[in-house]
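Here is a briefing on the structure shown next. It goes from strand pairing to the chain contacts and then to the core.

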Amino acid sequence: MTLTEKLLEGTGGWLDDRFHGAKGFRTLFRKIFPDHWTFLLGEIALYSFIILLLTGTFLTLWFQPSMTEVVYHGSYTPLHGVRMSEAYASTLNISFDVRGGLLMRQIHHWAADLFVAAILVHMLRIFFTGAYRKPREVNWLIGIVMFTLALLEGLFGYSLPDDLLSGTGLRITEGVLLGIPIVGTYLSFFLFGGTFPGNVIIPRLYIIHVLLIPGLLLALISAHLFIMFWQKHTQMPSKGRTNTNVVGAPTYPYFMAKTGAFFFFTFAVLALASTFAQINPIWLYGPYTPVAISAGSQPDFYMGFLEGSLRIFPSWTWDIFGHTIAWNVLIPALLPLGLILTGAALWPFIEQWITGDRREHHVNDRPRNVPTRTAIGMATITFYGVLWLEGANDVIADHLNISLYLTTEIARYAIFIGPAVAYFVTKRICLGLQRKDLHLLEHGVETGIIRQLPSGEYIEETRPVDEDGRAVLEARRPPPALPGGPDAADEEVPPRAMRGGLGRVRERLNEVLTESVPLDGHGNGYGGHGNGHGDGHPAEPAAIPSGEAAGDGSGDDQEDGQA
Amino acid sequence: MSNPSAPDGPPDEPADAPAAPHRVIGTPPPAQARTLLGDGTGDGTGDGARPAPRDLPADPQNLRQAKTAERIVAALFILSTLASIGFIAAYVGLELNSVDSVLRSNLALGTSMSVAFLALAVGATIWVRHIMPNVELTEQRHPLASDPEAREAFAETFAEGAEASQFVKRPVLRRTLIAATVPLAVAPIVLLRDMGPLPGTTLRHTVWRKGMRLLKYGAYTPISPGEFSSPGGMITVVPDGYQDDPDALASATSIIIKFQPGLLQPPTVMNWTVDNIVCYSKICTHVGCPAALYEQTTHHILCPCHQSTFDAPRGATVLFGPAPRPLPQLPITTDAQGYLVAQSDFHEPVGPSYWERG
């Protein structure tokens, strides 16, 4: 027996003696992880978070969360003799006097951007594939909370170095707080310990940034992963994958090795970015002063949509009964984020109510197979995207050489028109792709081989879709019919849930949401409910009728005619 | 010397696991001959005592390819080792004493770190894909809902517990307990009261007072209207005595602009200007950024944060953007020495809207 074996045996025995773990560990080792590249998105978020913890801990060894004023005398000579807060001075110290400090600072910042970006894209994947459906609604909600926390965490971390940009971010935060009716001034005075900027905000944000929010995130990530583990991973449709199985590679050794490699990939990419792409060069901005600002300054990307939202909104305020209501701040600061997050949180339940689908779902949807959901998702992305672009409208106006005000005017229209256009275009594309899928199933794949028939006619040969392909193409399942829907039309009295105004709304929404190309026809004319088209068509052969293909005996894929 | 130890359970299941074709001395024995769990007593593990049926082949399907991959992976791991050693060498060897040295150090540390991680990542990936045998296993998934008996039993347990607790039967207890939680939840919020002073009327005032000099920001020198002869330019001014007080500056910072005679128009208050010099608050009325950009040709003041645009010669009225009000005008005059001073504080609150502003 080699030493390795002895160690392995010894460890296993030791663990089992103490934790009764033999069965549990075996199950753990053999747990199956399905493969799909989009499943890596959540892992990127997880690993960015771990890298944030590692680099963040390093930074705390030198960072001084203090607003006490000092005069700088470090290695960065251009700022010699400048008065600044200890927070800013210690950040300069980390950047210029601690070996590896600049690298760690930049990895920390890049990792923060990657963290939020990965969460965003991961959430889009979950949404577009319907992976949030029963039984995974709770994990979806946890994800939304984590996304919100990640935004806050990023904003607070960005504020800590007390440079000109980060202080301006805080100033905007103060302005937004002041705009909240009734309690706004109190919130602001309590947060800043008096008037802005005061001398307590950085230590306060620091403890929230390094302890409170990371702790919450850690707890929620644990819950998120445990629930994912307990309910088993979803899988994309393909051959052999059903709602009652999980197909993939086992945790040990495959998933462990893959995911370990992926951690290092993530770290390597962040290290590369931090080596060659400068981020947040705070020494160029200078220490914060409420007096100055630099033009063309941009927040981190994930704050861009809020910035754009503040820019786009008109200057509406009300002065009534001796009070001011700052709609110009209140609506843009709260509405878009509130709309998106609340909408996302409620969506799984809204969808369940509309479709009446209370089944468990473990095989994900291909986005095209639920056109309305996909269209809603694209409309949301467009809504977010317009705000995000508007957040950089000064840069855009500068590069495109157009008027700054024109970009804002365009955005004021685009915020309404864009999502509507995205909705309809996406829906058409999805329905088109569904028709394409049906066409492939019915007529096979074009091979590019042109053949002349004995009659002189030219035809293009097609090849039936192989089994793996069929499994994907046939994954679309018709949604369940609503009780009392047209499919149950023989019942005279509709069930209670479908009666009254709400019932009619539900029925109408159901029609919109389940709109798809009928599975049984050619899909001319869509609309979820039977159009009487299917009966007219006997099952067609899957490819060129083999009788003809066999005529000259050169067909590669001969198969029995199905007709 | 590395004979597979005899498993204590029944021998391998021959049906679905033919012995690995051949083994190289020194490599671990086939998996079916091993058990991770030493010589457990087997008690209490129930069916766990029998060895698991073989799921994973011991060797990759393509041994030749695996051999090549093995060499590549080993080379990558060696590369990673070297890069890590390089990282340590760069740390020790490159002292920081100037901006250039920081740049060099960052490049050396970052590159070696990236290579170390990348080589590990690529190596491990090739290992999984080409050296471990390809497998695809299927695991059954069972409905999450328990069977009706279990649910029933749980419901009963819950009901029994609720009954035993007397929570349902004794409404007085229930209600008083609920009543007790309400102030308990409020108490911690009350505890936060001392985080800051109450706003009061603080936001209505700045530190500007009658006779206080306007100092040029940066140089901190007083300004005499005659010397300030850059028509079209805008300079930032701060109240004398408060140039190092961020809290005061956050509201009191202002700008002065000198116009050609005749350009200033209402609603600019002419009595508050000196020699065609007008003074406005620099704090944007939107969310408080410094409105720091001045376009000389159009006389527009622009806030770079959200692009509110103010018409400087016409009382800084809003031309575009989300700001709801003009920048407040500071009444100025000159003192006995001929320097610009404030006539008083601003006549309205500066900065963003807030509930009590009215």
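In chain B, strand β3 (residues 234–239) and strand β4 (residues 254–258) run antiparallel and are joined by four bridges. Strands here are DSSP runs (E, at least two residues), helices likewise (H or I, at least four), numbered from the N terminus. Two strands pair if DSSP finds at least two bridges between them.

This is a predicted model: local features need pLDDT of at least 70, side-chain atom pairs count only at pLDDT 80 or more, and totals for chains, interfaces and linings use all residues. Residues are numbered from 1 along each chain as its sequence is written, while chains are lettered from A and ligands numbered from 1 in the order in which they are written.

**Sheet in chain B**
- B:Val237 stands opposite B:Ser254 in β4(B).
- Four strands of chain B form an open sheet, ordered β2-β3-β4-β5, with antiparallel pairing.
- β2 (214–216) and β5 (277–281) of chain B each have a single partner strand and stand at the edges, so one side of each lacks a neighbour in the sheet.
- Neighbouring strands of this sheet are turned by 40 degrees against each other on average, direction ignored (axes are lines fitted to C-alpha atoms).
- Overall, chain B has five helices and 11 strands.

**Contacts between the chains**
- 83 residues of chain B are in contact with 94 residues of chain A. Contact means C-beta atoms, placed from the backbone, within 7 Å.
- α2(B) gives the most to the side of chain B that touches chain A, with 18 residues.
- By class, that side of chain B has 49 nonpolar, 27 polar and seven charged residues. Asp, Glu, Lys and Arg count as charged; Ala, Val, Leu, Ile, Met, Phe, Trp, Tyr, Cys and Pro as nonpolar; the others, Gly among them, as polar.
- Strand β4 (residues 245–250) of chain A runs antiparallel to β1(B), joined by four bridges.
- A:Asn245 stands opposite B:Gln140 in β1(B).

**Nonpolar core**
- The largest nonpolar core has 165 residues. Such a core is a set of buried Ala, Val, Leu, Ile, Met, Phe, Trp, Tyr and Cys residues joined through C-beta atoms within 7 Å. Buried means 20 or more other C-beta atoms within 10 Å of a residue's own.
- Among the residues with the most contacts inside this core are A:Ala111, A:Phe115 and B:Phe117.
- Helix α5 (residues 101–128) of chain A supplies the largest share of this core, 16 residues.
- Leaving aside neighbours within four places in sequence, A:Ala111 is in contact with A:Ser48, A:Ile51, A:Leu52, A:Thr55 and A:Leu270.
- Buried residues make up 30% of the 358 residues in chain B.

How values were computed
Buried ≥ 20, exposed ≤ 12 C-beta atoms within 10 Å, placed from the backbone. Contact = placed C-beta atoms within 7 Å. Axes fitted to C-alpha atoms, helices over the stretch in contact; angles between N-to-C directions.
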